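User: I am new to this structure and would like to learn how to read its charged pairs. Could you take me through them step by step?

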Amino acid sequence: MTQPQAATDVLIEQLGLQKHPEGGYYVETDRQVAQVPSPFANQEKRSLATSIYYLLTKDSPSGVIHLNKSVTYHVLHHGRAEYTLITPGSPPTVEKKVMGTNVTAGETRLLLVGTGIWKMSRLLPEDLADDKRDNEGCLITEVVVPGFHWEDHQFLTKAALEELFKGAEGGEDVINDLLPHVKKIA
């Protein structure tokens, strides 16, 4: 008897998703032809907007910390994910937001991440432990305005994380918590 295909495997196949360098899976769903000068990239021309499907799964339950110069809107389709948002400053602030459908518990279906904010997402540990939820993952649409371009993106390094929280009260604990979510450079 064959194992039934996991819901996330079906989505990956149906939507044509591929592994994302940030973690999870994605496919670009739209890239506007119209271009605008980006105020976040020295007025370089960028697509007006781009969008992707982004899926976190049991086998790829989290992304790594990264920054987009452009504004990103995250729209929930299903599942739940926790976003960690790091706003640089003295001291930097760390916020956690849960995308989900339980509004009374503070979850949100729409998350706006402004320019210059480091972010990462992950499936919640309790959902990974729940037999019903662990196979659904979390599917969102990301809309980037002006449109996404790899030149406007960067991964957080260990050195940059340490510099970001250098001298901040509790900074060592924050660094230790976030270090597993820094992309390992080969």
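This is a predicted model: local features need pLDDT of at least 70, side-chain atom pairs count only at pLDDT 80 or more; totals for chains, interfaces and linings use all residues.

User: How many salt bridges does a search of the whole structure find?

Analyst: Side chains of opposite charge can pair when their charged atoms come close. With a salt bridge taken as a side-chain nitrogen of Lys or Arg within 4 Å of a carboxyl oxygen of Asp or Glu, the search of the whole structure finds 11.

User: Which residue forms a salt bridge with Arg46?

Analyst: Arg46 pairs with Asp152, their closest N and O atoms being 2.6 Å apart. Because Arg46 lies in strand β4 and Asp152 in the loop between β12 and β13, the pair ties together parts that are 106 residues apart in sequence; strands here are DSSP runs of E, at least two residues, numbered from the N terminus.

User: Is Arg46 buried or exposed?

Analyst: Buried means under 20% relative accessible area, exposed over 50%, and partly exposed in between, for a 1.4 Å probe and protein chains only. Arg46 is buried, at 5%, and Asp152 is buried as well, at 4%.

User: Which residues are linked with Arg80 in a network of salt bridges?

Analyst: Arg80 is linked in a network with Glu107, Glu126 and Asp127, and in its salt bridge with Glu107 the closest N and O atoms are 2.5 Å apart.

Note on methods. Residues are numbered from 1 along each chain as its sequence is written. Side-chain values use heavy atoms; hydrogens and water are left out. Helices (H or I, at least four residues) and strands (E, at least two) are DSSP runs, numbered from the N terminus.
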